[in-house]
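Here are my notes for a first look. Please keep the model open while you read.

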Amino acid sequence: MSNDFKPFAVGPTNEVTPQAEYVAADWRINGWLSGILPHQQINKVLRQTSMVASAVTQMVADFSGENVLEDGDLTLLTNNAKVAFSAGLP
């Protein structure tokens with residue numbers, strides 16, 4: 001089954017904040033307060049969230065037997081997730 005939710009900044013030349021720096025960063029804990037946002041920081045946040053979204057939606061596609069489209073239909077995604085999660089892991 002296919003999944004439209006794709007990870008971001010996973011290529012070999014990505015520019016993301018290193019993990020150790022990200023874990024220790026005040027901006028990660030408190031959020032961005034003001035000023036110009038370094039692209040490495042936003043790339044890190046987008047990569048982390050998109051990786052999880054992609055993995056979960058791929059599981060929904062695999063276990064529900066339905067394609068997961070990025071079409072804004074939250075009800076359909078939720079229903080397919082319920083089907084997938086009730087099927088259990090092999």
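Which backbone oxygen does the side chain of Ser 64 reach? The points below take this up after a word on the model.

1. Basis. This is a predicted model, in which local features need pLDDT of at least 70, side-chain atom pairs count only at pLDDT 80 or more, and totals for chains, interfaces and linings use all residues. Residues are numbered from 1 along each chain as its sequence is written, and side-chain values use heavy atoms, with hydrogens and water left out.

2. Ser 64 and its polar contacts. The side chain of Ser 64 reaches the backbone oxygen of Val 60 at 2.6 Å. A polar atom of the Ser 64 side chain also lies 3.1 Å from the backbone nitrogen of Glu 66. A polar contact here is a pair of N or O atoms within 3.5 Å; within protein, one must be able to donate a hydrogen and the other to accept it, and residues adjacent in sequence count only if both atoms are side-chain atoms.

3. Ser 64 sits in helix α3. Helices are DSSP runs of H or I with at least four residues, numbered from the N terminus. Ser 64 counts as buried because its relative accessibility is 15%; buried means under 20% relative accessible area, exposed over 50%, and partly exposed in between, with a 1.4 Å probe and protein chains only. Leaving aside neighbours within four places in sequence, Ser 64 is in contact (heavy atoms within 4.5 Å) with Met 59, Asn 80, Val 83 and Ala 84.

4. How α3 meets α4. The axes of α3 (residues 39-64) and α4 come within 8 Å and cross at roughly 70 degrees. Axes are lines fitted to C-alpha atoms, for helices over the stretch in contact, and angles run from 0 to 180 degrees between N-to-C directions. The crossing is left-handed: the near helix is turned anticlockwise from the far one by less than a right angle.

5. Who makes the contact. From α3 come Val 56, Thr 57, Met 59, Val 60, Phe 63 and Ser 64. From α4 come Leu 77, Asn 80, Ala 81, Val 83, Ala 84, Phe 85 and Ala 87. By class, the contact has 10 nonpolar, three polar and no charged residues. Ala, Val, Leu, Ile, Met, Phe, Trp, Tyr, Cys and Pro count as nonpolar, Asp, Glu, Lys and Arg as charged, and the others, Gly among them, as polar.

6. Ala 87. Ala 87 belongs to α4 (residues 74-87). Is Ala 87 buried or exposed? Ala 87 is exposed, with a relative accessible area of 51%. Ala 87 and Phe 63 are 24 residues apart in sequence, but 6.7 Å apart in space, C-alpha to C-alpha.

7. Thr 57 and Gln 58. Both belong to α3. Thr 57 is buried at 6% relative accessible area, whereas Gln 58 is partly exposed at 27%. A polar atom of the Thr 57 side chain lies 3.2 Å from the backbone oxygen of Ser 54. Not counting residues up to four places away in sequence, Thr 57 touches Asn 3, Phe 5, Val 68 and Leu 77. With the neighbours within four places left aside, Gln 58 is in contact with Met 1 and Asn 3.

8. Ala 9. Please check the backbone here. Ala 9 has a positive phi of about 60 degrees, although it is not a glycine. Most residues other than glycine have a negative phi. Ala 9 lies in the segment before α1 (19-24) and is buried, with a relative accessible area of 19%.

Key: Helix = DSSP H or I, 4+ residues; strand = E, 2+ residues; numbered from the N terminus.
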